[in-house]
Amino acid sequence: YRIAAFDYFYNVGDTPLTIHHAVIVPDSSLYNAKMNATDITTGGYTGSVMRTTNLATAKTTIKAAFLNHVVEHRQLLTNAVNASGQASGWAWFDCEVELMNEVMVYGSVAFGSSSIGASGYNVASSHGVLPLFAIRHDLINIREHYWLRDVSTASNFALVRAYGHASHESASYPFGVRPAFSIS
């Protein structure tokens, strides 16, 4: 595990996070899982099987490793996709362990698509590159494919390719789960 940022979510949320914290990212994927059972992005990231079911193992592993130090906070996450396959809605959710988005990893949007222009619904409250990745690009490119939470089309979510480039892929493919979480 690596410290990726300090106070990244401080004062963020409809209920602001006012606890000083460190954002942590595993050095590698914890396991492989699908974003959805079929190639759909309906419901965005929050409606995905990844978030509703497949992140459970990561949460269990992380909570066991960090005991009572995992911080719950509010994040604005994608919850809708329009007929064109663009993220089209968001809402505030209680979050502990979540997939990163493209901006957190790359500092910009690569494949995320949003009906409000650029990738607004995908970026939401995670709107800056994690300092770890700004200075250590080798920690982005870990020679593993791993999912990001950005909706890119009606059937694809964004991911980091093992070959070192931004990409997107069908939601039903099993790729790495490399989530971020905060501790205090």
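Is tryptophan 147 buried or exposed, and what is its relative accessible area? Tryptophan 147 is buried, at a relative accessible area of 0%. The close-ups below come from a predicted model.

**View 1. Tryptophan 147 meets phenylalanine 157, in one of seven aromatic pairs in the structure.** The two ring centres lie 6.5 Å apart and the planes stand at 85°, so this pair is edge-to-face. Tryptophan 147 belongs to strand β7 (residues 146-151) and phenylalanine 157 to strand β8 (residues 156-160), so the contact ties together parts 10 residues apart in sequence. Phenylalanine 157 is buried too, with 0% relative accessibility.

**View 2. Tryptophan 147 also pairs with phenylalanine 175.** Here the centres are 5.2 Å apart and the planes meet at 65°, so the pair is again edge-to-face. Phenylalanine 175 sits in strand β10 (residues 175-176), so this pair links parts 28 residues apart in sequence. With a relative accessibility of 9%, under the 20% cut-off, phenylalanine 175 counts as buried.

**View 3. Arginine 178 reaches over tyrosine 146.** The charged end of the arginine sits over the tyrosine ring, 5.0 Å from the ring centre.

**View 4. Four strands make an open, antiparallel sheet.** Their order is β1-β2-β11-β6, with β1 (2-6) and β6 (97-99) at the edges, each pairing on one side only. Neighbouring strands are turned by 35° against each other on average, direction ignored. Three bridges connect β6 with β11 (residues 179-183), and valine 97 stands opposite phenylalanine 181 of β11. Helix α2 (residues 56-66) lies across β2 (22-25), β6 and β11, at about 35° to β11.

Key: Residues numbered from 1 in each chain as written. Predicted model: local features only at pLDDT ≥ 70, side-chain atom pairs only at ≥ 80, totals over all residues. Heavy atoms only, no water. Pairing = 2+ DSSP bridges. Helix = DSSP H or I, 4+ residues; strand = E, 2+ residues; numbered from the N terminus. Axes fitted to C-alpha atoms, helices over the stretch in contact; angles between N-to-C directions. Contact = heavy atoms within 4.5 Å. Phe/Tyr/Trp six-rings, centres within 6.5 Å; stacked < 30°, edge-to-face > 60°. Buried < 20%, exposed > 50% of the residue type's maximum accessible area, 1.4 Å probe, protein only. Lys NZ or Arg CZ within 6 Å of the ring centre and 35° of its normal.
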